[in-house]
Protein chains: 2
Amino acid sequence: MSKVRVAGFSLSLDGFSAGPDQSLTEPLGRRGAELFQWFFPTRSFHAMSGQEGGLINIDDRFAGSSMEGFGAFIIGRNMFGPSRGPWPDDGWKGWWGESPPFHAPTFVLTHHQRPPLVMEGGTVFHFVTGGIHEALRVARESAGDKDIKIGGGASVVRQYLQAGLVDSLHLAFSPTVLGRGEAPLAGIDLRSIGFSLANHTGTENAMHIVLEKAQQNISDAL
Amino acid sequence: MSKVRVAGFSLSLDGFSAGPDQSLTEPLGRRGAELFQWFFPTRSFHAMSGQEGGLINIDDRFAGSSMEGFGAFIIGRNMFGPSRGPWPDDGWKGWWGESPPFHAPTFVLTHHQRPPLVMEGGTVFHFVTGGIHEALRVARESAGDKDIKIGGGASVVRQYLQAGLVDSLHLAFSPTVLGRGEAPLAGIDLRSIGFSLANHTGTENAMHIVLEKAQQNISDAL
């Protein structure tokens, strides 16, 4: 059955998924790019961003599985673009150019209606104003048997976790501290909402952990 | 010059240095032992605890340097033992047997006076009732040119960090999440109090990071 997954979600060791002072030139906030040192050098990221080469290593395996095989994506508006409020007529089509790396229906949570945007390579941006449950419902319809990825940012991941709607969580902890920023997991007790550790892999550039939501009775015994 | 260091300090990826529900049988709290899977198998820990063998690897290097060469230690009373309030006449001499692994003067923060305890192997427990600054003053007198280790637990590390008294911080993040417990760094912005990343090393069982307090002008530039 289709799972709802967070995958390739990068955090600093002090729990931030983006640095402070986000801006157009630093969409990940101050030092936010340090969170992706495990990801940027990989062949998967190179391929996603139209570059040759890249490393084929454990990080690459996680990078690949964090983007491939999903039947639908759900992202927050702030991840889609820098504008806020009613959509301006600025031609913005996301950060990713004409062929975004989603290659599947991608549902953008927003308070403001907008017609779908059909991109190259299979990505269609749908703008959902009905909230996280509604977005998941339509994502499920699109995804069929494939998994659904909750792509971010921090606030969207937090909302889906708190609502108990996430089945699987791959977190990549990067060897940095940001001090301040967006802390999607702050105050969330992942154990009590049913997650247990499925596996971990340490590399030079990240500690990868995969948490799965077990059936309640199994989870209690772990 | 003598530095004040936190070293070999283990944390879960959700920021806990001990699990919930601490007890005599689980002094590290529920799942707290998971924090030390990088430490327990090492030759350094084996030697500390009077066992033969043990792994000689990167984790062992960090384990060794987290206990060796210090001129004095400062620890909290709850790390010294399970009793609270006025000292009971129970013969308790710490968790570590007749020859504790400190091999140096070890200052125990407490609200209740007690004469020093001379142990085997160079450890002398001194009980300090004058607070963290007083403990650091007497530890400096004892340590000479050697470094002083703030040994824990969570509350003591937190107090020394918040007071700006720590120069160097080696944190070992273990691949687990505890959900609840003691969170010594919660709300502390390590960047703004002057720390920057000196180095990091990822192993299968921990992401080790060393943070150093730079001079203010250097720190700003990093």
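1. Helix α5 (residues 154-162) of chain A lies across β1, β2, β3, β6, β7 (168-174) and β8 of chain A, and its direction is at about 130 degrees to β6(A). Axes are lines fitted to C-alpha atoms, for helices over the stretch in contact, with angles from 0 to 180 degrees between N-to-C directions; contact means heavy atoms within 4.5 Å. Helices (H or I, at least four residues) and strands (E, at least two) are DSSP runs, numbered from the N terminus.

2. This is a predicted model, in which local features need pLDDT of at least 70 and side-chain atom pairs count only at pLDDT 80 or more, while totals for chains, interfaces and linings use all residues. Residues are numbered from 1 along each chain as its sequence is written, chains are lettered from A and ligands numbered from 1 in the order in which they are written, and side-chain values use heavy atoms, with hydrogens and water left out.

3. On confidence, chain A has a mean pLDDT of 93, and 96% of its residues reach 70 or more; pLDDT is the predictor's confidence in each residue, from 0 to 100. Residues 217-222 of chain A fall below 50, and this stretch has 4 contacts in the model beyond near neighbours in sequence. For the complex, the predictor gives an ipTM of 0.88 and a pTM of 0.91.

4. The sheet of chain A is open and mixed, with 9 strands in the order β4-β5-β3-β2-β6-β1-β7-β9-β8; two strands pair if DSSP finds at least two bridges between them. Because β4 (117-118) and β8 (195-202) of chain A each have a single partner strand, one side of each is left without a neighbour in the sheet.

5. Strands β2 (residues 70-76) and β6 (residues 147-152) of chain A run parallel and are joined by 5 bridges. In β6(A), K149(A) is the bridge partner of F73(A). Helix α4 (residues 132-143) of chain A lies across both of these strands as well as β1 (4-12), β3 (105-109) and β5 (124-128), running at about 160 degrees to β2(A).

6. The interface takes 25 residues from chain B and 25 residues from chain A. About 2,300 Å² is buried between the chains, 57% of it on carbon and sulfur atoms; buried area is the accessible area (1.4 Å probe) that two parts lose on being put together, summed over both. L13(B), V177(B) and R191(B) supply 28% of the area that chain B buries against chain A, more than any other three residues.

7. Between chain B and chain A there are 4 salt bridges, defined by a side-chain nitrogen of Lys or Arg within 4 Å of a carboxyl oxygen of Asp or Glu. D189(B) forms a salt bridge with R180(A), with the closest N and O atoms 3.6 Å apart.
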